[in-house]
Amino acid sequence: LDANGNASITAADVDAGVTDNCAIGSIEVSPKIFTGANIGPNTVTLTATDVNGNVATATSTVTVKDIIAPVFTSVQENVIIALDAQTGTATLANYTGLAAATDNSGIPVTLTQSPAAGTPLVKDVATIVTLTATDGSTNNVKQTFTVKATDQTAPVANIATLPTISGECSASATAAPTATDNTAGTVTGTTTDPTSYTAQGT
């Protein structure tokens, strides 16, 4: 098949040598036009007619092949996704539904993905994903992109309001507040302010 999914033959392509005691008037072959629907072996009939109108026929097998790979009609950009706000994990989605490809044969192609959907992702590591479009003759074309999972969720404070600290002559904050993060677990708070005071007041 050509790039448009068509193929054709002439009588000469299947004529192994037709002879006649007088002369050959015409040689025809049928069918002579093929499409993707004809991939595989096809029986064709060669008809020879001499100058006196006598007709002889013979059959032959024509095998139609598709040797052209499919073509992606979609472009998949690199993807950044958020880690789950609770578990801090993420897995690959099924990106085949976002892809599209066509084949010269006119027959729908099969789209596959590697790694498969559901594969765990590693935080901040770009995973290379390959989409493959395969036609009915096993010709294929590949498209690659990356998927990266990042932490996009802020830690959640374990207490809503810090306690008031008081003392005589001086007061110090000795225990730092904590928060819970979806990837780091318990996070201890820090500050650039002083943690001890000697001046009276609030």
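**Close-up views of a predicted model**

**View 1. Thr-178 stands opposite Thr-188 in β15.** This is a predicted model, in which local features need pLDDT of at least 70 and side-chain atom pairs count only at pLDDT 80 or more, while totals for chains, interfaces and linings use all residues. Residues are numbered from 1 along each chain as its sequence is written, and side-chain values use heavy atoms, with hydrogens and water left out. Strands (E, at least two residues) and helices (H or I, at least four) are DSSP runs, numbered from the N terminus. β14 and β15 pair in the antiparallel sense, and four bridges connect them. Two strands count as paired if DSSP finds at least two bridges between them. Three residues make up the link in the hairpin that joins β14 to β15.

**View 2. An open sheet of three strands runs in the order β12-β14-β15.** The pairing is antiparallel. β12 (156-157) and β15 (185-188) are the edge strands; each has a single partner strand, so one side of each has no neighbour in the sheet. Strands of a sheet pair through backbone hydrogen bonds, either parallel or antiparallel. β12 is joined to strand β14 (residues 178-181) by two bridges. Look for Ala-157: its bridge partner in β14 is Ala-179.

**View 3. Strand β10 pairs with β9 and with β11.** Strand β10 spans residues 127-134 and is mostly covered, with six of its eight residues buried. Buried means under 20% relative accessible area, exposed over 50%, and partly exposed in between (1.4 Å probe, protein chains only). Strand β9 (residues 110-114) is joined to β10 by five bridges, and the two run antiparallel. Thr-110 has Thr-134 of β10 as its bridge partner. Eight bridges tie β10 to β11, again in the antiparallel sense. Here Thr-130 has its bridge partner, Thr-144, in β11. Five residues lie between β10 and β11 in their hairpin. Thr-138, in the turn, has a positive phi of about 70 degrees.

**View 4. Asn-139 sits in the loop between β10 and β11.** This residue counts as buried, at 16% relative accessibility. Asn-139 and Ile-68 are 71 residues apart in sequence, yet their C-alpha atoms are 6.5 Å apart in space. Contact means heavy atoms within 4.5 Å. Leaving aside neighbours within four places in sequence, Asn-139 is in contact with Asp-66, Ile-67, Ile-68, Ala-69 and Pro-70, and also with Ala-133 and Thr-134.

**View 5. One aromatic pair is present in the structure.** Its members are Tyr-95 and Phe-145, arranged edge-to-face. The ring centres are 5.3 Å apart, with 75 degrees between the planes. Rings of Phe, Tyr and Trp (its six-membered ring) pair if their centres lie within 6.5 Å; planes under 30 degrees apart count as stacked, over 60 as edge-to-face and the rest as tilted. The pair links distant parts of the chain, 50 residues apart. Tyr-95 belongs to the loop between β7 (79-82) and β8 (101-102). Phe-145 belongs to strand β11 (residues 140-150). Tyr-95 is buried, and Phe-145 is buried too.

**View 6. Gln-76 touches Tyr-95 and Phe-145, among other residues.** Gln-76 lies in the loop between β6 (71-72) and β7. Its relative accessible area is 16%, so Gln-76 counts as buried. Beyond its neighbours within four places in sequence, the contacts of Gln-76 are Tyr-95, Leu-98, Gln-143 and Phe-145.

**View 7. Gly-25 lies in strand β2 (residues 24-30).** Not counting residues up to four places away in sequence, Gly-25 touches Thr-49, Asp-50 and Val-51. Val-187 is 162 residues from Gly-25 in sequence. In space, the two are 95 Å apart, C-alpha to C-alpha.

**View 8. Asp-13 belongs to helix α1 (residues 11-14).** Its relative accessible area is 52%, so Asp-13 counts as exposed. Asp-13 and Val-62 are 49 residues apart in sequence. Their C-alpha atoms are 9.5 Å apart in space.
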